[in-house]
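Here is a short briefing on one protein chain. Keep the sequence and the 3D view open as you read.

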Amino acid sequence: MTDHIDVPVVIVGGGSCGLSLSIFLSNQGVQHVLFERHPSTSILPKAHIINQRTMEIFRQHGIADEIIAQGTPPRQLSQVVWQTSLAGDGPLDRKVLGTIHTWGCKQGTETNATYQRDAPHLPTNLPLLRSEPILRAIAESHNPGKVLFQHTVTDFEEQEDCVLVHVSNKDGTQYTYRTTYLVGADGGKTIGPKIGVEMQGPKGLRKIVSTHFKADLSEYWDDRTGIAHFCNPSLGLGMRSGSMLPLGPTWGRYSEEWQMHFAIGVDDPVFPREEAVSRIRQLLKLPDLELEVLSLSNWVLERVLADKYREGRVFIGGDSAHRHPPTTGLGLNTAVQDAQNLAWKLAYVLQGKASPKLLDTYAMERHPIGKIVCDWAFFTSQRHHVIAKAIGIEEGKPEANEAHFLNMFNENSEIGKASLAYLQYVIDGQKVEFAAHEMDLGFVYPQGSFVPDGSAPPPRDPLHQLYIPTTRPGHRLPHAWLDRRGDMISTHDLVGTGGAFLLVTNRDGSEWISAARKAAKARSIELRVAQIVAPLDKPATEEYVDLELQWASVKGIGAGGAILVRPDNIVAWRATGPGSMQDIADAFDQICGRNDKVIINGSK
C-alpha cells in the first residue's frame with residue numbers, strides 16, 4: 001500500500017486562474033486535482049471586467065453563455081462618469097463633470113463596430129463573487145470529486161521525477177499526493193515564496209478601502225453607467241473621493257448590490273465599518289440612505305511581477321505571477337490567459353505528444369505579457385491623477401473649490417465653459433483605460449512555441465487603441481464569422497476544446513492538408529482542418545464560406561497557403577503560398593520541442 005496518491009497535475013488555488021486551468025485540463029483529458037484552502041469561492045467582488053480575449057477563451061471551453069447570462073448587458077456598461085454626487089439638492093449636487101464611452105459597449109459608435117468586428121463577444125462585467133461560482137460548478141462537473149475546497153497545501157518537495165504535495169483537509173487529516181507538475185494559482189501565498197519567487201516592482205502605492213453593500217439607489221443611478229467617480233468641492237479629492245459600481249445581480253439602476261472604493265493612507269489602520277458607511281452617505285449626498293454592508297476589505301495597491309514563472313516542475317500563474325492596479329481590468333483576464341497557455345502544454349507533455357522542452361515556453365511567452373500588463377495598469381492608474389488635476393480642486397480650500405465649480409457650470413462664464421470643456425478633453429484621454437482594444441487582442445509572443453516566418457509585425461499603437469488583426473506566427477488567430485451550411489461560426493470555434501491543432505487553408509491547399517494529417521498522425525496529434533472559400537465559390541460539404549469577406553481581409557495568405565493554429569488559438573506556423581510539404585512536419589516538431597536543430601524561442 002502506497003503512502004501517497006498519484007495524479008499528473010496538482011493545482012493550488014481555487015480562484016479564476018486555478019478553476020479555469022482545471023476546466024481546460026479536463027477538456028484535454030488531463031487528470032488533476034485542485035486544492036483551495038477556503039470553504040468557498042471569493043466572497044469579495046474584486047475583479048469584474050471580462051475582456052474580449054477572455055470571453056473568446058470562455059466561448060471555446062463552454063463557459064461564455066453563463067457568464068453572459070449573469071453579466072452586465074452592454075448598454076448598462078457603456079459609460080464611466082465623473083460627477084459631484086449621486087443625490088442632493090444643492091447648486092453643485094448631481095452635476096456631471098465628464099463622461100467617457102467604455103469597452104466598445106456604446107451602440108452606434110465606431111468603437112462598438114470595431115469591437116463587434118474583431119471578436120465573437122463584447123466584453124462583459126461580472127464580479128468574482130458571481131463569476132467564480134460559475135467556474136467552480138463547471139470545474140466540478142468536469143472533474144468530480146477532485147476540485148477540493150477546504151483543503152490546505154501545507155508543504156511540498158520536488159524530487160527528481162515528481163513533486164510530493166502535503167495536504168490537510170478541514171478535519172485535519174493529512175494526505176500526500178505525488179504529482180508530475182504542480183501549479184501555484186494561490187495569489188502568491190505559498191507556492192511562489194517556496195520556490196524563491198521575488199515579486200519585483202513598486203509596492204505600498206496606496207491603501208484602498210472597498211465596501212460591498214446593499215442599497216436601493218434606483219432613483220439616482222444613470223442606467224448606462226458602469227462606474228461613477230465622485231468629486232464634491234466640499235470634500236475635495238484624494239482621501240475624500242470615491243468610485244462606485246453596481247454589482248448586480250440585477251444590473252443598472254436596479255442593482256441590489258454596490259461597491260464603493262476610496263483611498264486612505266498606506267500606514268492608516270484598518271478602516272472601521274461605521275466610518276465606511278458614513279463616508280458612502282457623505283459622498284453620495286444621501287445622509288439617510290439605508291444600506292447593509294456585506295463586506296469591507298482594506299488592500300494595498302502595488303505593481304509587482306514575479307522574476308520567474310517556473311522552478312523545475314513547479315509553475316505559477318495569475319496573481320501569483322503579477323499583481324497591479326485594477327485599471328484597464330487586466331488582472332482576471334491575464335490570469336485566465338495564463339491558464340490557457342499552460343494547459344495545452346501540460347497536456348501535450350503528459351500525453352507524450354511533445355518534449356518537456358515545450359514547458360519552457362510558458363514563461364517565454366507569458367512573462368513578457370505579464371510585464372506589459374503590469375506596466376499598462378500602473379500607467380492608466382496614474383492617469384487618474386491627471387484627471388484630478390484637471391478637475392482643479394485645491395485641498396483644504398472648500399470655498400475656493402465651490403467658486404471654481406460654480407464657475408464651471410455657469411453658462412455665461414467663458415473660463416468656466418473652457419474649464420469644463422478642458423476637463424472633458426482630459427477625460428477623453430482615459431481611453432487608454434476604457435478602450436485599450438489592442439491591449440486585449442493585439443498581444444504578440446516575442447518568442448516561444450511557434451515558427452517565425454520572417455515577416456514584420458504590424459505597427460503597435462502607443463495608446464493601444466488600434467488593433468490590427470494578423471495571422472503572423474505568435475499572434476492570436478483573428479476572428480471572422482464563417483458560414484457552414486447555414487450556421488455562422490467564429491474562426492475561434494474551429495479549434496475546439498480537446499487540444500487539437502487546426503490547419504486553415506483554402507481550396508488550393510489540399511497538399512498542405514494531406515501533409516499535415518500525415519505529420520499529425522505520426523505524432524499522435526489531433527488535427528482539425530478548415531478550408532475557407534469565397535462567397536461566390538460553390539462550397540463543398542466540408543468547406544466554410546467567408547460570406548462577409550472578413551477572413552479575406554485578415555488571412556495573410558494567398559492561394560495554396562496555410563496556417564497552423566495551436567490549441568490556444570495562437571498562430572504557430574504560416575505558409576503564405578504553396579511550399580515544401582516537409583515544412584509542416586518540421587513545424588510540428590519545432591512547436592512541440594522535438595526539433596533539436598531549432599531552439600524554441602523564435603530564433604535559430
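This is a predicted model: local features need pLDDT of at least 70, side-chain atom pairs count only at pLDDT 80 or more; totals for chains, interfaces and linings use all residues.

The protein chain is divided into two parts: domain 1 (5-70 + 127-198 + 305-376) and domain 2 (475-592).

**How the two domains meet**

- The centres of domain 1 and domain 2, taken over C-alpha atoms, are 30 Å apart.
- On one side of the interface are 17 residues of domain 1, in contact with 22 residues of domain 2.
- Together, domain 1 and domain 2 bury about 1600 Å² between them. Carbon and sulfur atoms carry 45% of that area.
- Which three residues supply more than any other three of the area that domain 1 buries against domain 2? They are Q60, W344 and Y348, with 37% of that area.

- Three salt bridges cross the interface of domain 1 and domain 2.
- R59 and D493 meet through their side chains in a salt bridge, at 2.7 Å from N to O.
- The interface of domain 1 and domain 2 also has 10 residue pairs in polar contact.
- Two helices, α2 (52-60) and α8 (331-350), each supply at least two residues of the side of domain 1 that touches domain 2.
- Helix α8 gives the most to that side of domain 1, with five residues.
- What classes of residue make up the side of domain 1 that touches domain 2? There are four nonpolar, seven polar and six charged residues.

**A buried histidine: H32**

- Find H32 in strand β2 (residues 32-36).
- Is H32 buried or exposed? H32 has a relative accessible area of 0%, so it counts as buried.
- The side chain of H32 makes a polar contact with the side chain of S22, at 2.8 Å.
- Leaving aside neighbours within four places in sequence, H32 is in contact with V7, V9, I11, S22, L25, S26, N143 and K146.

**Backbone exceptions**

- Some background first: most residues other than glycine have a negative phi, and most peptide bonds are trans.
- The peptide bond from G248 to P249 is cis, with omega near 5°.
- P249 lies in the loop between β14 (242-248) and β15 (257-264).
- W103 is not a glycine, yet has a positive phi of about 50°. Look for W103 in the loop between β5 (96-101) and α4 (110-118).
- W103 has 6% relative accessibility, so it counts as buried.
- K285 is not a glycine either, and has a positive phi of about 60°. Its place is the loop between α7 (273-284) and β16 (292-301).
- How accessible is K285, and what does it count as? At 27% relative accessibility, K285 counts as partly exposed.

**Salt bridges along the chain**

- The count of salt bridges comes to 25.
- One of them joins R75 and D223, with the closest N and O atoms 3.1 Å apart.
- This pair links distant parts of the chain, 148 residues apart. R75 is in the loop between α3 (64-70) and β4 (79-83). D223 is in the loop between β12 (206-214) and β13 (225-230).
- D223 has a relative accessible area of 15%, so it counts as buried.
- The side chains of E311 and K308 also meet in a salt bridge, at 2.8 Å from N to O.
- E311 is partly exposed, at 36% relative accessibility. K308 is partly exposed too, at 23%.

- R566 and D568 form a salt bridge through their side chains, at 2.8 Å from N to O.
- Are R566 and D568 buried or exposed? R566 is buried, with a relative accessible area of 0%. D568 counts as buried as well, at 1% relative accessibility.

How values were computed: Residues are numbered from 1 along each chain as its sequence is written. Side-chain values use heavy atoms; hydrogens and water are left out. Domain bounds come from an automatic or database domain assignment. Contact means heavy atoms within 4.5 Å. Buried area is the accessible area (1.4 Å probe) that two parts lose on being put together, summed over both. A salt bridge is a side-chain nitrogen of Lys or Arg within 4 Å of a carboxyl oxygen of Asp or Glu. A polar contact is a pair of N or O atoms within 3.5 Å; within protein, one must be able to donate a hydrogen and the other to accept it, and residues adjacent in sequence count only if both atoms are side-chain atoms. Helices (H or I, at least four residues) and strands (E, at least two) are DSSP runs, numbered from the N terminus. Ala, Val, Leu, Ile, Met, Phe, Trp, Tyr, Cys and Pro count as nonpolar, Asp, Glu, Lys and Arg as charged, and the others, Gly among them, as polar. Buried means under 20% relative accessible area, exposed over 50%, partly exposed in between (1.4 Å probe, protein chains only).
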